[in-house]
Amino acid sequence: MAGDPLAFPHLARTDLPGHPTTVAGYARLVREIAADRARWEPLVRYDALTRWYARLETGPGYEVWLLSWLPGQSSGFHDHGESSGVMTVVRGELIERSLTHAGESARALRPGGQRVFSSGYLHEVVNGALEPAVSIHLYTPGLTEMNQYGAADAVPEQHPQSHPRAQADRH
């Protein structure tokens, strides 16, 4: 293209929203999406056979997912391959069980709180309550694999049961 690019205002736009590139930026984006109930609430569905999910947003190097959990539904112990992430509960309550060399720990996840995790983080999320729950998850880079681990006593060094179709087993 010849000439002055500023002569074409659409090429020199500076009002476009920035995309997050840091953990703090990803956490802020998840908080903003969670606060915008009109954006995600009409999309929520529940499935008695499996956890339901829908992609809310993609950007350079990340994607955001909305998940619903009926009572008793669980992700099973898994990691997110090379992806790191941020998650928050926007309705109900979930229990997260994590597994490290030091042993197993569990924590309640309630609306307003956030969990940040790195690649290789091994955990299980379950709705142990009597009411449905909804959560928002951001993965960076976008989720391309999710490794399921067969037993609660699995340790990260064991070979996972690989699931190449991460989208079918998303968390």
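Predicted model: local features only at pLDDT ≥ 70, side-chain atom pairs only at ≥ 80, totals over all residues.
**Entry 1: salt bridges.** I looked up the salt bridges and got a count of ten, taking a salt bridge as a side-chain nitrogen of Lys or Arg within 4 Å of a carboxyl oxygen of Asp or Glu. Residues are numbered from 1 along each chain as its sequence is written, and side-chain values use heavy atoms, with hydrogens and water left out.

**Entry 2: confidence.** I checked pLDDT, the predictor's confidence in each residue, from 0 to 100. The protein averages 82, and 78% of the residues score at least 70. For residues 157–170 I found pLDDT below 50, yet this stretch has 32 contacts in the model beyond near neighbours in sequence (contact means heavy atoms within 4.5 Å).

**Entry 3: Glu41 and Arg91.** I found these two in a salt bridge, with the closest N and O atoms 2.8 Å apart. Glu41 sits in the loop between helix H2 (37–40) and strand S1 (52–59), while Arg91 is in strand S4 (residues 84–91), 50 residues apart. Helices (H or I, at least four residues) and strands (E, at least two) are DSSP runs, numbered from the N terminus. Arg37 joins Glu41 and Arg91 in a network of salt bridges.

My cut-offs: buried is under 20% relative accessible area, exposed over 50%, partly exposed in between (1.4 Å probe, protein chains only).

**Entry 4: two further pairs.** Glu93 and Arg110 meet in a salt bridge at 3.1 Å, N to O. Glu93 is in the loop between S4 and strand S5 (94–100), and Arg110 in the loop between strand S6 (103–109) and strand S7 (114–117). Arg97 and Glu104 also pair, at 2.7 Å; Arg97 is partly exposed at 22% and Glu104 at 43%.

**Entry 5: the sheet.** I traced an open sheet of five strands, ordered S1-S2-S9-S4-S7, with antiparallel pairing; two strands pair if DSSP finds at least two bridges between them. S1 and S7 are at the edges with a single partner strand each, so one side of each lacks a neighbour in the sheet. Neighbouring strands are turned by 20 degrees against each other on average, direction ignored.

Four bridges join S4 to S7, and Gly85 stands opposite Phe117 in S7. Helix H1 (residues 23–35) packs on the sheet, touching S1, strand S2 (62–69), S4, S7 and strand S9 (133–140). I noted about 150 degrees between the directions of H1 and S9, with axes as lines fitted to C-alpha atoms, for helices over the stretch in contact, and angles running from 0 to 180 degrees between N-to-C directions.
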